[in-house]
Amino acid sequence: MYIYRVLSSGLRFFHWLMVVCMAVLFMTGLYIGSPGYIGTQGTEPTFAVTNLFSMETMRFIHFTTAFIFASSLLLRIYLLFTYPGNRLFPNFRSGDYWRGLGEMAAYYSFLRPHHRIYLRNPLAATSYLIAYILMVIELVTGLAMYAMINPNSFVAYLVAPVNGWLGNEYVTHIVHHVIAWCFLIFALGHVYMVFYNDIVEKSGELSSIVSGRKHYKERPVDASDALVDKK
């Protein structure tokens, strides 16, 4: 039995912080885009239901959470350099990565019954990379719209040109909105895969986000990406 420390305590903290931030941002973002989705049709959104559901309160919660979200991304960058298991990204120069990508795609498509053992399979690593890229785009487009509250601010000087690059602020809003739904789809797929791997492969996938450890009967292909606790 091989036991690996795959996820550091810092990365686990980042994960749960992201879960909370994304849930809050998604729900408040839906309200800001369309207050009627919670059943307040016919009510002026500025004073909808109570002060708790006013547009001012929702925007404050959304913007505050967004800045926490941005700060957490800085934490994630720091974690890249503190522990090998925090490096979730695929190695495009490795032949094993490309072979593993096709292997895992075939496995999850039920085209092959087995696959080689990975701490973090290439398909998952690729999906994480795409998710981080989308996080950056979501953050930049959100800041570009936020900056228009005060077009003469320093923040506007830095990010407002994004509105022009995309065409106008409305297009920025659409991009921001679409990516938010992409995160929902990613989250559903992520949760499904975690439970699937935990039940079928019994490697402790689900518990690893709490303990940081995974266990295998044989040495994973990418074992060098983590530290062996015991064998």
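## A salt bridge between Glu-205 and Lys-214

In this predicted model, the side chains of Glu-205 and Lys-214 meet in a salt bridge, with 3.1 Å from N to O; the term stands for a side-chain nitrogen of Lys or Arg within 4 Å of a carboxyl oxygen of Asp or Glu. Glu-205 has a relative accessible area of 18% and is therefore buried, and Lys-214, at 4%, is buried as well, where buried means under 20% relative accessible area, exposed over 50%, and partly exposed in between (1.4 Å probe, protein chains only).

## A network around Asp-96

The count of salt bridges comes to four, and those that share partners join Asp-96, Arg-99, Glu-103 and Arg-116 into one network. Asp-96 meets Arg-99 at 2.6 Å, N to O, and both residues lie in helix α3 (residues 95–108), three residues apart, which is about one turn of the helix; helices are DSSP runs of H or I with at least four residues, strands are runs of E with at least two, and both are numbered from the N terminus.

Asp-96 also forms a salt bridge with Arg-116, whose closest N and O atoms are 3.4 Å apart. Because Asp-96 lies in helix α3 and Arg-116 in the loop between α3 and α4 (122–146), this pair ties together parts that are 20 residues apart in sequence.

## The whole protein

The protein has eight helices and three strands, and 39% of its 231 residues count as buried.

## Basis of the values

Residues are numbered from 1 along each chain as its sequence is written, and side-chain values use heavy atoms, with hydrogens and water left out. Local features need pLDDT of at least 70 and side-chain atom pairs count only at pLDDT 80 or more, while totals for chains, interfaces and linings use all residues.
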